[in-house]
Amino acid sequence: MWRMNKMIHQLNKHKGLLGILPALLFMLIFFVGGAFHSLNISLGGQDSMSMVVHQEKFWAYRELINSTFFRSLGVTVGMAAVVAVLSGTIGLLAALYLAERSKHWKWLNIIFQLPVGIPHLLSAYLFMQVLMQSGWYSRIAYYFGWIDSMEAFPVLVHDQWGTGVIMAYMWKEVPFIVLLISPFIVKLISDWKEQSIALGGSFSQTVRWVIVPILLPIWVGGMWVVFAFTIGAYEIPALLARTSFGSIPVTAFQEYSQFGLDRQAVAIAMNMVLAVISFVVGSILIYLQLQWYNRGRRVW
Amino acid sequence: MVKRLYVRRSVNVIFITLLTLFLIFPFIPLIIWSFTKHWPWPLLLPEEWNISSWKYLLSVSGRALEGLSNSLIVASLTLLGNLLLGIPAAKVLAQIEFIGKKAVFSTLLAPLFIPYTVSIIGMHDFAIRFTLLNEYVSVAFAHLIVTLPYFIATIWFQFRLIGNKLQEAAVSLGANRWKVFLWIEAPLLLPSVLLGSFLVVVISLSQYLPTWIMSGGTLLTMPLIIFPFANSGDSSIVAAYSLLFFVPVLLLLMVYFLLVRINAKNNLQIGGEKDAIRANKHSN
Amino acid sequence: MRKFTIIFLLFLLILSGCSPDSNNNSKQARENSLNSDWKEITAKAKGTKVNFFMWGGDEGINRYIDEWVAPRIKEQYDIELKRYPMDATEFINKLMTEKRANKNSGDMDVLWVNGENFKTAKQEELLLGPFTSKLPNFKQYVDSNGKDIQYDFGFPTEGYEAPWGKVQFVFAYDSDKISNPPKSLAELQKWVKSNPGKFTYPAPPDFTGSAFIRHVLHEKSKNYEAYLNEYDESAIKTDGDLVWKELNELEPYLWREGKSYPQSLSQLEQLYKNGEVWMTMGYDEANASNLIKSGEFPKSTKTFVLDQGTLSNTHFLAIPYNAPNPNGALVLINSLLSPSAQLKKMELEYWGENMSLSVGRLSEEDKKIMDAIDRGPATLTQQELSSHRIPEINAEYVQWLERGWMKNVANE
């Protein structure tokens, strides 16, 4: 019997390994392959067919070494970090609340998922319509007599701090985090609530000692996804940020589409820098998480 | 003590109310805009209403139905690809240890963490070599890249939550691999498969760049029809298209919650079986 | 892991090994269609399908193609016309990638281009070749010696593209709020200063915003003609400084005190529709009338041109080097240049845009039809427009200005 078991186990192991092949090959060929191809173009490799022949190999990257770009980099990374942390926190709180309350208000769950299906470009568009000084919120404020002219309404799009950009992102990403973690929360609560109450703990203790540690990988992972997406997407900052905001995806998009062939390498180089940053941030997160497990908070 | 609880509860209610309003409010002007062309400040509601935008949408030029059906075909193909590639991969990653696992895992999830603009620009060249493939299939390929990581991550996490114990128990009772998957894992996986599928379909519906790169702009899905308008400033038409875009998403959402609920009911029974298996194992 | 690597490399090899379709037949067909006579071309085009790639953000233009052109070309030539909405920069990028990968049979038959996009396409040899001399309607109705036909933003067209229409830049304003529109940029500046926050322009490199700053260049420059010719960076430096100075002086009185600009013409129009600003602008003399008709602009909207003139340009139709159906493309372009199609295009019902044909070459009957066309309440008379026209400058100067604006005005 034991031998049988082992054989089946071995078989499982190898057959199982085969299961991963199609997905892996697919990613290697398309995603990694595509990225290498882009890298090649940005290095000024043989594929660049521009009229201008650049002698140096790294010219596109060298062009990025200037204060404007570094300032933009700071703005872009900072904004992505703010969006990720804010939507992560609010998303977690909302998911906990929804899980606890969902029996009473099922429709709340549906409302919270509405924005997930809207493309980012359209969400930027929606926020333009409500937040601008002549937008719908300003009209509501006027209707209730809180303001007497449209100029009195606070500047929320095209503003100094990118408020509109952050709000539009939150509108998309909070529901995403909720969607990502709520099924697990619901299950964990149903599994653990009685046990912990039997042991004398309150709900908040259950959350702190049981649910959050188990959820941590997917929660942090979710925030990283948000960060990586925000850092590379151009639709929302293009529509809602002030002209000199300097979001890199927007600049890269302009370089790619407006300034001719030989500037495309620069656009790709900019995106490469962002990809590297996102990768480094992710590696740090993974490292921290491993440390955390090693210090004894390992849950499974 | 009671008072503190009360305060906390009202803080919670305020928080969730504000958040709900924040999420719903932007939709209201969208609905209004789709029925008017002229709506200046400070009118809370427009004075003139008309349905010309909706008429345009459904006209020959509007192509709303063509876009909708193309979008749905691509999304279904993408979902199929995810189910076929994603579930086995997630199972291996969750249950089997092997050399280089971390590298494999990070490759599979890479599109989540690395802005995919980079590889999409490079993919442009690959896309051209795939002219022999059917348009729908090649676009679904591109959507698969974007969605597969979400799907694998969701399923993987659920596999980890299930653990290995039940399967081992079943194997010790003489079940083979397929039986284990079908009778033990599949039911427990269902909630995350539903979540993953929902994510996949919704993400696939909203893709612009991968769609036009893979089809060369010839497969007109909803985003390909809407995006030129989003830059043109005709608020009314953009609003009407957005709402139309929203219909399948809303339907999917309902179906998703319905399935989750049905599954939760069934789960009560499965939970009973689970205990039975546990008991069985102990008695062994 | 090694196994994976090997398989991966193998796959890459296979991928790179399978050379893209080198379809010699279709290549020959394309060369043939430029050498064959018109009868042959129409005969071959019968029963085929033409893919027309064009910007798709205007309801009227889309309807003109789908509801007016498509049924007629089906009836007359048995050609199925399919419109695909895509920005010009996007399809030029697509074409470039196809060229790089040696793809000889593409998806696009007819492209709507001009300016920078045409220049890129021609320089990178992305176009089929000179074809306008093939088209009967071009030969009969177009003044092929006209500067606005021979040059596209200072770049010689040489028959690689056929003119589809002409547009002129105009400013639009709400006559309920402004009684005397400015006549020059100096007057505009004075008006902006006394009405702070009520004027702005889209941020270049937006097409319209970029055209606006060229008007400043035109007014400031002593030798505007120089910019119509070959690009020479040193030539524009001093004038450039004057332009930045002027725009920076204007900035504090703009919408949002010039701290931000609308990102596109559509955002500016949105501000105008909501009443945040009182003026807008656009590279289309009939746009305001169109928007009044659809109810988006207030009925009190009127347009004006500057005394010194406003920019005008021609936009064109081209055929890519790898068009799957060049015969059909030629037939479509020819019928788009027919007087009936061009006159229909002028009507406000669909588009309202000026035609590319030479009025003098039209038949008496067509002239009468043309005179009877109502171009809308806000459109200026043909006389007024054509007497205030300035030509477009070389596309490289355009780019230099756009970059300079981003550096010297937006970021200062």
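Start with chain A and colour it by burial: of its 300 residues, 47% are buried. Keep in mind that this is a predicted model.

**Chain A, overall**

Switch to cartoon. Chain A shows 11 helices and zero strands. Step through the elements from the N terminus and the order reads α-α-α-α-α-α-α-α-α-α-α. Now turn to the contacts in chain A between residues at least 6 apart in sequence. Of these, 72% link residues at least 24 apart.

**A loop residue in chain A**

Select A:Leu114. Where does A:Leu114 lie? Look in the loop of chain A between helix 4 (106–113) and helix 5 (120–131). Is A:Leu114 buried or partly exposed? A:Leu114 has 18 C-beta neighbours inside 10 Å, so it counts as partly exposed; a buried residue would need 20 or more.

**Where chain A meets chain B**

Show both chains and select the contact. Chain A contributes 71 residues and chain B contributes 72 residues. On the side of chain A that touches chain B, at least two residues each come from helix 1 (2–42), helix 3 (67–101), helix 4, helix 5, helix 6 (136–143), helix 7 (163–198), helix 8 (203–232) and helix 11 (264–297). Which helix of chain A gives the most? Pick helix 1, with 23 residues on this side. Colour the chain A side by residue class: 50 residues are nonpolar, 19 are polar and two are charged.

**Chain B, overall**

Chain B has 12 helices and zero strands. Along the sequence, the pattern is α-α-α-α-α-α-α-α-α-α-α-α. The radius of gyration of chain B is 24 Å, well over the 19 Å from the globule rule for 284 residues, so chain B is more spread out than a compact globule. Orient the view along the principal axes: the C-alpha atoms of chain B fill a box of roughly 75 × 65 × 30 Å. Colour by burial again, and 48% of the 284 residues of chain B count as buried. For contacts in chain B between residues at least 6 apart in sequence, 75% join residues at least 24 apart.

**The nonpolar cores**

Bring chain A back. The largest nonpolar core holds 166 residues. Select A:Phe127, A:Ile181, A:Ile185, A:Leu240, B:Ile152 and B:Tyr241, which touch the most other members. Then highlight helix 7 of chain A, the source of the largest share of this core, 17 residues. Zoom in on B:Tyr241. Leaving aside residues up to four places away in sequence, B:Tyr241 touches B:Leu57, B:Ile225, B:Ile226 and B:Phe229. Next, move to chain C. A second, separate core has 114 residues, including C:Ile61, C:Trp112, C:Tyr283 and C:Trp351.

**The two domains of chain C**

Stay on chain C and colour by domain. The domain assignment gives domain 1 (26–164 + 313–380) and domain 2 (170–282 + 389–410).

Technical notes: Residues numbered from 1 in each chain as written. Chains lettered and ligands numbered in written order. Predicted model: local features only at pLDDT ≥ 70, side-chain atom pairs only at ≥ 80, totals over all residues. Helix = DSSP H or I, 4+ residues; strand = E, 2+ residues; numbered from the N terminus. Buried ≥ 20, exposed ≤ 12 C-beta atoms within 10 Å, placed from the backbone. Contact = placed C-beta atoms within 7 Å. Nonpolar A, V, L, I, M, F, W, Y, C, P; charged D, E, K, R; others polar. Domains from an automatic or database assignment. Rg over C-alpha atoms; globule rule 2.2 N^0.38 Å. Core = buried A, V, L, I, M, F, W, Y, C linked by C-beta atoms within 7 Å.
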